Amino acid sequence: MKSIDIAYRTLFAELVQRSLDASFQTDFSTAGNFVRVPVKGRDYWYFEETRPKTTRRYVGPADDPEIAKRVAAFREIKSDLKSRRKLVSTLVREAGLMEPEKFTGDIVEALGKAGFFRLRGVLVGTVAFQTYAGYLGVRLPGVALQTGDADFAQFHSVSVEVNDSLPPIMDVLRDIDPSFREIPHRTDAGRTTQFENASRYKVEFLTPNRGSDDYADHASAMPSLGGASAQPLRFLDFLIREPVRTVLLHRSGVPVLVPSPERYAVHKLIVASLRQKNANGAAKREKDILQASLLVEAMKTARRQDDLAAVFAEAWNRGTSWRDAIQRGLRMLDPDRQDMVETIVRRALSDIGEKLDGFTNAAS
């Protein structure tokens, strides 16, 4: 696995910042103002407009340094759409970074403009994986980047507390493809977590399930998602904690929130062990373990093993069910990649002074 030239890594970092700047300009009119609002002991930024009537829109936590920086520089932000398109083209054509399939890029861009990432939503799944090459500064093989759907996640508590919402999801999706339709939830017929177009392309909304397993087969109402509900999933809270800001290489760059690559890697080992034992489950499981092993290798190439080790230890120490799932995921790797992953993780754990009970023979 090879690193990307430092010049292209610098261009990618510049594109991330400029795309975020541009998204603020698109989202917020200079006729309004940013105001700090205390909510349950923590301050948050909201954008307030007084004409034609006073309204407030959620922006994000006041202690997020990136948001604070953009608030401070708000009046100086200028649109540079054409220039950013050239940056994206350079990164794809010359640096060899992957761009998403066009339709997928349009979906993510539309939801971003509608406010999904502003409302602390997180892009997950293979589309998120496509952003890690630029974020880590390494080249990832295209075979691991293919997908036919887009998955989006949000904490239920966030959806309730932001006191803001996307426009109707069906309107957003049908602006891209009028054939999109709701797929009724399998147990809650009045709610929808998945949307599908005539080509069977799916958009799905997810949320962590940290409560009883009784919630697993029920859709969770999400006040901020424009009428969509979300499917509760185990282990998802681990994945979308502390997401990172990056950009999808689509058009002029789409600013997104994605899981940190170290959490994505460990999470993929876990979910691989939970896939159903049918043809579809087998295909997804194969992609899970491939993406996990590639990210572990990429983290080593990017000298980010310490981050990987800390997150691995966090998951391992969450309990027996977590350890069992990680062990099963490791055993699914082919012997050479299993040895590579375990060696990298063990050395990184040693470097940060972590010793995990039972991990020495985790995959034996």
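**Entry 1: the whole chain**

I began with the secondary structure and counted 14 helices and twelve strands in the protein chain. The radius of gyration came out at 21 Å, close to the 21 Å that the globule rule gives for 364 residues, so I noted the chain as being as compact as a globular protein of that length. I keep in mind throughout that this is a predicted model.

For the extent along the principal axes, I wrote down about 65 × 50 × 45 Å for the C-alpha trace. I then looked up burial, and 54% of the 364 residues count as buried. Among the contacts in the chain with a separation of 6 or more, 69% are accounted for by residues 24 or more positions apart.

**Entry 2: α4 and α8**

I turned next to helix α4, residues 102-114, and helix α8, residues 169-176, which pack at an angle of about 140° with their axes 10 Å apart. I noted the crossing of α4 past α8 as right-handed. On the α4 side the contact is made by Phe 103, Asp 106, Ile 107, Ala 110, Leu 111 and Ala 114, and on the α8 side by Ile 169, Val 172, Leu 173 and Ile 176. Sorting the residues of this contact, I found nine nonpolar, no polar and one charged.

**Entry 3: α10 and α12**

For the second pair I took helix α10, residues 261-272, and helix α12, residues 305-316, whose axes lie 9 Å apart at an angle of about 45°. I therefore recorded α10 and α12 as oblique to each other. Here too I noted the handedness, and α10 passes α12 in a right-handed crossing. The contact draws on Glu 262, Arg 263 and Val 266 from α10, and on Asp 307, Leu 308, Val 311, Phe 312, Glu 314 and Ala 315 from α12. The residues of this contact divide into five nonpolar, no polar and four charged.

**Entry 4: Ser 19**

Is Ser 19 buried or exposed? Its relative accessibility is 1%, and because the cut-off for buried is under 20%, Ser 19 counts as buried.

Leaving aside residues up to four places away in sequence, I listed what Ser 19 touches as Arg 84, Val 247, Ser 252, Gly 253 and Pro 255. For one of these, Arg 84, I also noted the separation from Ser 19, which is 65 residues in sequence and 7.7 Å in space, C-alpha to C-alpha.

Technical notes: Residues are numbered from 1 along each chain as its sequence is written. This is a predicted model: local features need pLDDT of at least 70, side-chain atom pairs count only at pLDDT 80 or more; totals for chains, interfaces and linings use all residues. Side-chain values use heavy atoms; hydrogens and water are left out. Axes are lines fitted to C-alpha atoms, for helices over the stretch in contact, and angles run from 0 to 180 degrees between N-to-C directions. Helices (H or I, at least four residues) and strands (E, at least two) are DSSP runs, numbered from the N terminus. A crossing is left-handed if the near helix is turned anticlockwise from the far one by less than a right angle, and right-handed if clockwise. Contact means heavy atoms within 4.5 Å. Ala, Val, Leu, Ile, Met, Phe, Trp, Tyr, Cys and Pro count as nonpolar, Asp, Glu, Lys and Arg as charged, and the others, Gly among them, as polar. Angles under 35 degrees count as roughly parallel, over 145 as roughly antiparallel, 65 to 115 as roughly perpendicular and the rest as oblique. Buried means under 20% relative accessible area, exposed over 50%, partly exposed in between (1.4 Å probe, protein chains only). The radius of gyration is taken over C-alpha atoms; the globule rule is 2.2 Å times the number of residues to the power 0.38.
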